[in-house]
Protein chains: 2
Amino acid sequence: MTDHERYEQLLKTIHTVKDLDSVQSLLGWDQRVLMPTNAAAARGETLATVGKLAHEIFTSEATGELLDQLTSYESSLDPDSDAASIIRVTRQDYEKTQIYPSEFLAEGARAGILGYQAWIEARETQDFKAFLPALTRLVDLRRQQIAIYKNAHPDVADDYDVLLNDFEPLLTAVEVDGVFDRLKQATIPLVQHVVEHADSVDDSFLNGHFPVEKLEVLSRKIGRSLGTTEEGWRLDPTVHPFASSIALGDIRLTTKYLESNVFSSYFSTMHEFGHGLYESNVAPALGRTTVQRGASMAWHESQSRMWENLVGRGRSHWDWATPLVQGVFPGQFDSTTPDQFYRAVNKLGPSLIRVEADELTYNLHIILRYELERDIFANRVELSDLPEAWNAKINDYLGIPVPNDTLGVMQDVHWGEGLFGYFPTYTLGNVVSLQLWKRIQDEIPDLEGKISRGETAELSEWLRSEIHQHGRKFAPKALLQKVLGTDTFDAEPLISYLTKKVHSLYGD
Amino acid sequence: MTDHERYEQLLKTIHTVKDLDSVQSLLGWDQRVLMPTNAAAARGETLATVGKLAHEIFTSEATGELLDQLTSYESSLDPDSDAASIIRVTRQDYEKTQIYPSEFLAEGARAGILGYQAWIEARETQDFKAFLPALTRLVDLRRQQIAIYKNAHPDVADDYDVLLNDFEPLLTAVEVDGVFDRLKQATIPLVQHVVEHADSVDDSFLNGHFPVEKLEVLSRKIGRSLGTTEEGWRLDPTVHPFASSIALGDIRLTTKYLESNVFSSYFSTMHEFGHGLYESNVAPALGRTTVQRGASMAWHESQSRMWENLVGRGRSHWDWATPLVQGVFPGQFDSTTPDQFYRAVNKLGPSLIRVEADELTYNLHIILRYELERDIFANRVELSDLPEAWNAKINDYLGIPVPNDTLGVMQDVHWGEGLFGYFPTYTLGNVVSLQLWKRIQDEIPDLEGKISRGETAELSEWLRSEIHQHGRKFAPKALLQKVLGTDTFDAEPLISYLTKKVHSLYGD
């Protein structure tokens, strides 16, 4: 076989595995959007079968041999070329995945399903003790994962790095510590300021009844104005909104319509659009390969947060959006001004639930989870003491009491499914979105003016050409370097943005 | 390994293959119901990948060895037991499938996709010549299939039997010839009688405008009354209605709403319900195995036709359905009587398009297709002469001219996708439905009275216990023997039913 034939052979395997990934995405989307509930157990089996096949095919010896044989071919290519990138990323994935036995991964999947079930039930009864055995099992499996990983890569500096690595390759806990400590120090006083001046912002006029059909019209109008099309996108209701890329040309957003809240689905649609746009803009030449995805979770979240917060919660957007909202809900907001909408959708303040938190307090919710995860895996906290530790931090950071564990330590699904190391990427996404925003404002003349007229095509194109088209070609930090000329996550632009926002809304 | 361990090993493979089948069903359902159109090419790739994997896993040497080793274990079991049936049916499938090289099947799939495309385009331009090359290729591939099959099974009596065998195992063309000749002889004079007395039935009062939302309400009400549930079934609109069983507990019906036709979606819902009920009633112990499906296409069609025609177009049904329809469309049918509805939905008469044909003429549409397929594979007709042959038969059987090939020989997708041997199962389904109906009327006291009150649970339960629960445990003819005490398809009950219906509606 020539090198080119070997590469074609590798591509065949990659296409097969990626097609199975796409099948998993569709199975997941279907399950969360429209599957009849009686099919839950069968769907679990189908997902397990497809996941196992994909893992077996990808981590087969044949894949390893091809990758070995392609080393010199890869070096002969421009490292940024599609072929070199596909070989490189595939090798990274292979080395990361093949160290885990199939049976270990299957056990992890099973424990995740059982954990999810235990979490659901314990939430119902507000009974953390009922959740503890499943949580203990999941943490234990993560410890085993860390051990397997360190066995293959003895140079790991911190156990937690192994967990981070699943979602944010090459990021270290020490770096996250630095960014989060700085952000925390800056945020806590801002929250106190907001609490002391809570009356400065009025959103009471947003109270009302908003029929699902109209909320859906509004979400569709937003989607179309941002660039979604009938031919390439879907928008469907679900319980916990997400975005899914089934294939290039098949991007599916979901949202949740709340008849008491006119803007919940509005912002969740903009958020998921950010994820969807990223996936839809990956270069077609990278389709059906390991490189056809966003660079990392933080990069992905930087895009969703940018559209949700920097566009959607920006003052300029409301010049354009005010008549749109008024048109969908005639009689309900006829005399509301853009400035009133802007202030209301930016009302800040401490609250218990992360997914309902505002831009400012959201990061504190993340930081406390991150700190607790660090403590768990550094053996500084017993799992049975988590509720107490949680409540103490909520009090320290937000100054509010936690009435029960369902509104506290058990509010998120992540730990119930065994996802540790995931939470920090949310706030890192906020961090990156502000790092990017500064550069974008420099490069797109009159960006705010354009947003105020609903013209976002230039912004989309900038993101496509600078970031999206590359998919996973560049590691997260290499992409930071390429786009921003630095390879560090820097909290300062976010802090400066939040500080300015707090003072403009809540006084000095 | 013990025999039991071998059986468990075989089951694992079967589960994997069946899970991949389920994935293919979902990919197909999604594509035809809601997938964004830009994803068409990617979906083709995904389907090809999953199909290829399923074929490779199922026809692997390991499967063949396990089946060989399990021969004596199988003989030691009750032949009707789940385990013996699963081994037997799997062996039959294995022997049938593994004779074809993967590449041959893949080529068939590709030719089917190209043929479909050519068919779509040729229909647009009413240009049979443009369709001819693709059709020639598809027929040639079927001839190759016949050759491969006969090489493995030299005792085949008629080439056409090989094609039939894909859809109706063990059925021979000679048998179909006999049933269809008899049915044709009986039907043609009935059609002439209807034409001569066309004014006897008035359906002009069905003209009107029926909004999609209300048609959907009507279809849902019908579905619920027959036994569909929110938890286990879906009903969605599509272009060409079908039913899909993604898993036990996940049955998806589709229909098409025509705002000019109040009953098109009504009867298509009942038809697809018949298919769905069959799949939903297979015994859970047969789930995720080769046996979890209907016994054959004719058996399947016997169920859909039974619900659509013998229940839905029966006089009793309209005692119950009349107030239902009146309630959904107030003001439109207020003074219509059950008898008027019954007569109108049974209006008969020759027409060009099979899928719009009535109960009587439908079988002639099928018989002419079957006869042409027989002629093609016996080299009695050139493909280029098909339009002429088609039009001659339409004239002979239905007495109407064919204005163009889009309304004639190119109206169905089947040949464009390479499906030969499939059409006869539609009419055989009608034949079986009447063979069954006689027995059911004997066994369920006051069946018509129950239908007139919308009580169909007893009928569903009879079908479940006598037919559905067995899945593919019994070969089509063995199931005929088991349920009816005969192993022959008998046209007489259908002929007698049609004769009676024609005379009761159109006079003697």
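## Helix pairs, a sheet and a chain interface

Helix H17 (residues 424–443) and helix H20 (residues 476–484), both of chain A, pack with their axes 11 Å apart and at an angle of about 20°. That angle makes H17(A) roughly parallel to H20(A), a label for angles under 35 degrees, with over 145 being roughly antiparallel, 65 to 115 roughly perpendicular and the rest oblique. Axes here are lines fitted to C-alpha atoms, for helices over the stretch in contact, and angles run from 0 to 180 degrees between N-to-C directions. Helices (H or I, at least four residues) and strands (E, at least two) are DSSP runs numbered from the N terminus.

A word on the model: it is predicted, so local features need pLDDT of at least 70 and side-chain atom pairs count only at pLDDT 80 or more, while totals for chains, interfaces and linings use all residues. Residues are numbered from 1 along each chain as its sequence is written, chains are lettered from A and ligands numbered from 1 in the order in which they are written, and side-chain values use heavy atoms, leaving out hydrogens and water.

| Pair | Angle | Axes apart |
|---|---|---|
| H17(A) and H20(A) | about 20° | 11 Å |
| H10(A) and H11(A) | about 30° | 9 Å |

H10(A) is likewise roughly parallel to H11(A). In that pair, Leu215(A), Leu218(A), Ser219(A), Ile222(A) and Leu226(A) of H10(A) meet Ser265(A), Tyr266(A), Thr269(A), Met270(A) and Phe273(A) of H11(A), where contact means heavy atoms within 4.5 Å.

Over in chain B, three strands form an open sheet of mixed pairing, in the order E1-E3-E2. Strands E1 (233–237) and E2 (243–247) of chain B stand at the edges, each with a single partner strand, so one side of each has no neighbour in the sheet. From one strand to the next, the twist averages 20°. E1(B) runs parallel to strand E3 (residues 250–255) of chain B, and five bridges join them; two strands pair if DSSP finds at least two bridges between them. In this pairing, Pro237(B) stands opposite Thr255(B) in E3(B).

Finally, the chains meet: 34 residues of chain B are in contact with 34 residues of chain A. About 2,600 Å² is buried between chain B and chain A, with carbon and sulfur atoms giving 64%; buried area is the accessible area (1.4 Å probe) that two parts lose on being put together, summed over both. Of the area that chain B buries against chain A, Leu26(B), Leu34(B) and Pro36(B) supply 18%, more than any other three residues.
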